[in-house]
Amino acid sequence: MSLEQLEVHESHGGKLAVYRHDSAETKTPMTFSIFLPPQVKSGKKLPVVWYLSGLTCTHANVTEKGDYRRACADLGLIFVAPDTSPRGETVPDDDAYDFGQGAGFYVDATEAPFAENYRMYSYITEELPALIAANFPVDMTRQSIMGHSMGGHGALVIALRNPVYRAVSAFAPIVAPSQVPWGEKAFTGYLGPDRAAWVTYDACALIAAGHRVPDILVDQGMADSFLTNQLKPELLQATCGNAEQPLTLNLRTCYDHSYYFISSFMDEHLRWHAARL
């Protein structure tokens, strides 16, 4: 697969670049950003952190507002931020912000008309890693994953289902999508009305069914307008407690759902990942 470079910027001694490529999974062009820290100049392969963004976002949100590059440069981490869904005039969409383009929910859709393009789970877990490994100095034995909101949901599910990831963390994740309006809408549209099909994309359900990771780090702002109806971190806390799944849940007073919140604790998350990579 060929890469088209759209941007490149020097930052903290490393390079931030944005690329586009044609995806076999989504059957559309897909865009991602990648930060290569200065340690790539040594010729050694470096660990990689995957970052999954939330509803309405693209790769650009964390790339421009996430404040991760200094920490990645200090720690020698490659940081990859993909888009949240397929896009284009021929890709099925919806007028609402929480479904369709910008809201792929990191699932492989099975329902028409979305099944043709909305294959974000396979794109994130198979196609994009293969592309990155073929083109950049990544040590694929040292991968971790993190995300925000819908991307936090994706990061938790992907880590729980794929032991290749050494660490997983999230900012304000949707921890039990089968039990909240965002997830119920998305799963019905992408996966159909049979809730049995939803279990493999629900972090709390996966943990209850026996899936495990070494530990989980979650930060949640207590002034988050989505806290009560959509995020429900108490469900993850209870599920992890019952399953003896290690969880560190930081409840941050006065912080909201924005990148002001994410950038405030990004450094802590990356250092936590680096210690496990």
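These notebook entries record what I looked up in a predicted model.

**Entry 1: the sheet**

I began with the strand order. The model holds an open sheet of nine strands with mixed pairing, in the order β1-β2-β3-β5-β4-β6-β7-β8-β9. I then asked which strands stand at the edges. They are β1 (4-11) and β9 (247-252); each has a single partner strand, so one side of each is left without a neighbour in the sheet.

**Entry 2: two strand pairs**

I recalled that strands of a sheet pair through backbone hydrogen bonds, either parallel or antiparallel. For β1 and β2 I found the antiparallel sense, over seven bridges. Within this pair, Glu10 has Lys15 of β2 as its bridge partner. The hairpin of β1 and β2 has two residues between the strands, and I noted that His12 takes a positive phi near 50° there.

I turned next to β3 (residues 29-36) and β5 (residues 78-82). These strands also pair in the antiparallel sense, over four bridges. I noted Pro82 in β5 as the bridge partner of Phe32.

**Entry 3: helices across the sheet**

I looked up which strands helix α8 (residues 233-243) lies across. They are β8 (216-221) and β9, and the helix runs at about 155° to β9. Helix α9 (residues 259-276) lies across β4 (46-52), β5, β6 (138-148), β7 (165-171), β8 and β9. Its direction is at about 165° to β7.

**Entry 4: Thr26**

I located Thr26 in the loop between β2 (14-22) and β3. Is this residue, Thr26, buried or exposed? Its relative accessibility is 0%, and buried means under 20%, so Thr26 counts as buried. Leaving out residues up to four places away in sequence, I found that Thr26 touches Pro86, Glu116, Asn117 and Met120.

**Entry 5: Cys72**

I found Cys72 in helix α2 (residues 69-75). Cys72 has a relative accessible area of 0% and is therefore buried. I then asked which residues Cys72 touches, not counting those up to four places away in sequence. They are Phe35, Pro37, Leu77, Phe79 and Leu270. Lastly, I looked up the separation of Cys72 and Glu4: they are 68 residues apart in sequence and 24 Å apart in space, C-alpha to C-alpha.

Methods. Residues are numbered from 1 along each chain as its sequence is written. This is a predicted model: local features need pLDDT of at least 70, side-chain atom pairs count only at pLDDT 80 or more; totals for chains, interfaces and linings use all residues. Side-chain values use heavy atoms; hydrogens and water are left out. Two strands pair if DSSP finds at least two bridges between them. Contact means heavy atoms within 4.5 Å. Axes are lines fitted to C-alpha atoms, for helices over the stretch in contact, and angles run from 0 to 180 degrees between N-to-C directions. Buried means under 20% relative accessible area, exposed over 50%, partly exposed in between (1.4 Å probe, protein chains only).
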